Amino acid sequence: MLLWLLLLLLLPPLFLLVLLFLLLLLPPLAMLGQRFQEAGLSWLASLQHCVAWRVLSWAATWQQQRLEHNTLHVGQSQQQALMWCLQRAQGPLCPPTGIDMSIFRNHLPLTKVSQAQEEENGGQLLPPTSNQYHGEASLQATLLGLVALNKAYPEVLAPGGTARVTPTSPWPSPLPWPGHILDQVSPPGTKDPGALLLEALRSPGLKALEARTAVELLDVFLALEADGEELAEAIAAGTSGVPLPGRAAELQEALEQGPRGLALRLWPKLQVVVTLDAGGQAEAVAALGALWCQGLAFFSPAYAASGGVVGLNLWPEQPQGLYLLPPGLPFIELLPVEEGAQEEAPSTLLLAEAQRDKEYELVLTDHVRLARCRLGDVVQVVGAYNQCPIVRFVYRLGQALSVRGEVTGENVFSEALGQAVGQWPGAKLLDHICVESSILDSSEGSAPHYEVFVELRGLRNLSEENRDKLDHCLQEASPRYKSLRFRGSVGPARVHLVGKGAFRALRTKLAACPSSSFPPEMPRVLRHRHLAQFLQRRVVS
């Protein structure tokens, strides 16, 4: 109680008035006790939860009003965002009255860093990546995303309804308060993935499961399968709390029935999975939806790229992942993507100039080093929110394959691989990565080709007939690739099946490297020999 009194004394007067106003709006304490009796919370915890939710809703309403104003006056909003970037960087291009975009573009040419340079140099020309993202878009994504999620799934943010199973939250902006009050299951401050998973398993009434990214959640379920017996013993023994032998037996029984539908067997009231969308996540979402999280909805509050949050998701009920490009910070430009490679890139556009159905590469201005950075993330405009574009993310330019100048894009290859796996009886694709043959020196005596490493469920061995199906699907998907294959300039793609946990081990290796973009982005093409050889040593077929 003394801690609460000290906190109240230290709060700014305006915030005190807001809290007092919110407290007046709370229902009677008798109703609070009845409402949260099922959750087993004290009246004080119930009161804290209600106050926290009211504060969050008030802040979200304010952010929604700001977003409405900014998207209705997108030109002015982008000017203000750019002025802020230039003032923070103390650059010479910041007059007090406004900014001439042509002068800005001429003085700050676009920069582009290859994936290999990013990995080796730590992305020196790119905005820094961190576990939490800064800027107004991050705060809007968190506040508006929580409110939208609560509207679509009214019970998930109730006390004890949500658990986070990765050290970092999928919500881009940290909310120490009221965020930790709304999340009663995950121990605050815990960074051990095993402890987070154990606490979630102890709570059968979960309604929402959170992980930073889908590929990290995939690794959580793979770890659960591998360490299920130890986790059950820990729950039965009460390693992190009261012994729960009945819950331990439920865990063992659920695991014995296999991966399909495992999440709903463990948590029958589960409704939604919350992860942060970023490059290379679609495959993990598909694998989770087909197996462990079958029957559950997925929601991503934002799309994260190298420079921070670049898209807000205001529509949890839309399964295809649509994002609003906001006009605030970070400052976003759109670079038209023309069909075919071009040496000279066209001029960038502002958000209000985007055209429906067109594809654009995102460009962010970094206020730290005052650089206009081409992210390589390509989006397609599918609609508009006031004057700002609504987009879906299509592919990453840095994840293309090219051994003879053919440029097989990430989206083209992923579609072809999905079609091929669909023809492999009983197979479910968990993960894949490609390597150009020159990286592994595997094209000696043969034409250059793609080396493809896959991890599957339901298939332990790949026949030559199944391997050939990928090359056939690639030829159907890419006329240029088909032409080079017909002439013999490019050899057939070689498919390698890796053992269980190979990609999980690779991600651990990537996460330990400070210059890696994982997490949140998952690479689909490896440019370095030591990483390719790491997977090569784990080939089983």
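Colleague: Is Arg524 buried or exposed?

Modeller: Keep in mind that this is a predicted model. A residue counts as buried when its relative accessible area is under 20%, and Arg524, with a relative accessible area of 5%, is therefore buried.

Colleague: With which residue does Arg524 form a salt bridge?

Modeller: The general idea is that side chains of opposite charge can pair when their charged atoms come close. Here Arg524 forms a salt bridge with Asp431, and the closest N and O atoms are 2.5 Å apart. Arg524 lies in the loop between α20 (502-511) and α21 (529-536), while Asp431 belongs to strand β13, so the pair ties together parts that are 93 residues apart in sequence. Asp431 counts as buried too, at 2% relative accessibility.

Colleague: How many salt bridges does a search of the whole structure find?

Modeller: The search finds 18. One of them joins Arg374 and Glu361, whose closest N and O atoms are 2.8 Å apart. Arg374 lies in strand β11 (residues 371-385) and Glu361 in strand β10, so parts that are 13 residues apart in sequence are tied together by this pair. Arg374 counts as buried at 18% relative accessibility, and Glu361 counts as buried at 2%.

Colleague: Which strand pairs with β10 (residues 359-366), and in which sense?

Modeller: In general, strands of a sheet pair through backbone hydrogen bonds, either parallel or antiparallel. In this case β9 and β10 pair in the antiparallel sense over five bridges, and the bridge partner of Pro336 is Tyr360 in β10.

Colleague: Which residues of β9 are on each side, and are they buried or exposed?

Modeller: In a regular strand the side chains alternate between the two faces of the sheet. For β9, Ile332, Leu334 and Pro336 are on one side and Glu333 and Leu335 on the other, and all are buried, which leaves both faces covered.

Colleague: What is the order of the strands in the open sheet of three strands?

Modeller: The order is β13-β14-β15, with mixed pairing. β13 (428-436) and β15 (494-497) stand at the edges, each with a single partner strand, so one side of each is left without a neighbour in the sheet. Neighbouring strands of this sheet are turned by 25° against each other on average, direction ignored. Strand β14 (residues 450-457) runs parallel to β15 and is joined to it by four bridges, and Phe453 stands opposite His496 in β15.

Colleague: How many residues line the second largest pocket, and which lie nearest its centre?

Modeller: Rolling a probe the size of a water molecule over the atoms shows where empty space is left. The second largest pocket holds about 1,100 Å³ of space. Its lining has 45 residues, of which Asp277, Gln281, Ala282, Glu283 and Val285 lie nearest the centre. By class, the lining comprises 23 nonpolar, 13 polar and nine charged residues. Among the elements that each supply at least two lining residues are α15 (282-290), α16 (410-421) and β13.

Methods
Residues numbered from 1 in each chain as written. Predicted model: local features only at pLDDT ≥ 70, side-chain atom pairs only at ≥ 80, totals over all residues. Heavy atoms only, no water. Pairing = 2+ DSSP bridges. Axes fitted to C-alpha atoms, helices over the stretch in contact; angles between N-to-C directions. Buried < 20%, exposed > 50% of the residue type's maximum accessible area, 1.4 Å probe, protein only. 1 Å grid on protein atoms, 1.4 Å probe; cavity = no way out; pocket = protein on both sides within 12 Å on 5 of 7 lines; lining within 4 Å. Points joined across faces, edges and corners; volume = space filled by probe spheres on them. Nonpolar A, V, L, I, M, F, W, Y, C, P; charged D, E, K, R; others polar. Salt bridge = Lys/Arg side-chain N within 4 Å of Asp/Glu carboxyl O.
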